[in-house]
Amino acid sequence: MAREAAVRDQCIQAGLVKALVPHLSSSDQEMLLNTGRAIGRICFDNTHQQDQLVQSGVIPRLVSIMKEYPDNDPLVNVCLLALCNLADLDSARQALVDQDVADTLMFQLKRAPDAERRHVILEILGSLGESDALKLQFTESGVPEALSLMIRDLQGQSDPHDLCSIKIASNLIVSLLLGDESMQKCFGEGSGVVYQDILAWLQSSNTQLQLSGALAIANFARNDSNCVKMLDLGVVPHILTLLEKHVDEGDVSVQHAGLSALRNLAIPATNKVRMLEDGVTERIKALLRTDMPPVQFKLLGTLRMMVDGQEGAALKLGRDAVLLARIMEWCEAKDHAGVRGEASRLLAALIRHSRSPEVVRAVAGADGVRHLIAMATSEHVIMQNEALVALAIASAIDIGSMRDLFSEANLLPTLKGMLDDPVGALEVKFSALGLICTLANSGLMRDELNSVNIKESLKLLMEHSSSKLASQASSILSVLSDPS
């Protein structure tokens, strides 16, 4: 009767659920089966009623029934479906923390007679794995290893149900790696079974496993020691080979994930040096021809990370005419603000980290200075700072080339506005003063600085609560007031 929605409401109003719950304590398996089915159907798609069930203590009983009668497939199925319906409730997740549910679910996963049972168990694990407490419990109970083994057994199968199981399980492993303790346990200093299997995924012909493998490596690369260890163990060539497979007509998600992994691996300074020596930047430049904004965005961010603090890399990339031409195109990406922003940030990074006249001239020759000037007025403080520092370095190196560009872009009134802004970020004011100081010291732009009445702004800043800012403003004012 409770298959029908109209009947379900009447069953709830009549108090049938409360009357049925005690029968879940029965030792009669047939009674348990029919009670479970009745409660499950009555409470289907009713969050309030499901929460009431959890409050009545039904969760421990469902787990106990599966432990007591693990070979009764119809009964186990009813309990699994019930857990699947309740697993999204915080109250249910909390109740399961003390139930050692991972071992019960893993036992049933190993003996699952079909893909349908497998999928129900994987769905339960996926929902419960969103809880940090259960995430760690699952890892300590060997859930990632069991899932990895299941994937290994299913690889090479062409059945859509098996492929679906591989997708759900690999996504679940990636999700479990989001917890720091869980991730570290699976990594096992690079010798963990799960980590070893994930390396094999990168070389798989299954696109889903390639994607999950790249995402998993990016998750493992969340601390410096793991990054250094993975580089020692040779993970980078696998990622580069994977990216190269997807350059033309490839999977955007795989490219995005692969670049995320490379970017994270390049964060430690020692890794940057080694990755540059191994020609990583040259190999990922093959992706420059991509037309996919998510890949463009991640590629730009990866290249920016690679040149961070690396003068040689910044010099090499900054002189690359093909790369600069592509960056200029992306600086004007009308439909993707993220790509525009990352392209401008890479331009600034090439100047900031190379501090090279060649790079400054190359960027100016490619018409990149106007993009840096536009970046200096960004709504993001970090981007403003990066642009202002790059412009200050470019001015110190080649003020002659910069002078006309600055005048055309009305940069000086913009700088004055930054100094005068009562709610402007302190670090932006510092960076603006750094650029103004370079311009003042050059002598070439004193008249222009005086024409926008920059001295007035500097005098006001001398009263600023930040003594360091006030002192810098005073020094620049002295330079501008010195007739010599």
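Two residues are said to be in contact when heavy atoms of each lie within 4.5 Å. The legends below describe close-up views of a predicted model.

View 1. Apart from neighbours within four places in sequence, S212 is in contact with S170, N171, V174 and W201. The relative accessible area of S212 is 0%, so this residue counts as buried.

View 2. An α-helix has 3.6 residues a turn, so residues three or four places apart point the same way. Just after α13, G188 has a positive phi of about 55°.

**View 3. The salt bridge between R222 and D180.** The closest N and O atoms of the pair are 2.6 Å apart. R222 belongs to the loop between α15 and α16, and D180 to helix α13, so the bridge ties together parts that are 42 residues apart in sequence. R222 is partly exposed at 33% relative accessibility, whereas D180 is exposed at 54%.

**View 4. The salt bridge between E244 and R283.** Here the N to O distance is 2.8 Å. Because E244 lies in helix α17 and R283 in helix α20, the pair ties together parts that are 39 residues apart in sequence. E244 is partly exposed, at 35% relative accessibility, and R283 is partly exposed, at 31%.

Definitions and conventions
Residues numbered from 1 in each chain as written. Predicted model: local features only at pLDDT ≥ 70, side-chain atom pairs only at ≥ 80, totals over all residues. Heavy atoms only, no water. Helix = DSSP H or I, 4+ residues; strand = E, 2+ residues; numbered from the N terminus. Buried < 20%, exposed > 50% of the residue type's maximum accessible area, 1.4 Å probe, protein only. Salt bridge = Lys/Arg side-chain N within 4 Å of Asp/Glu carboxyl O.
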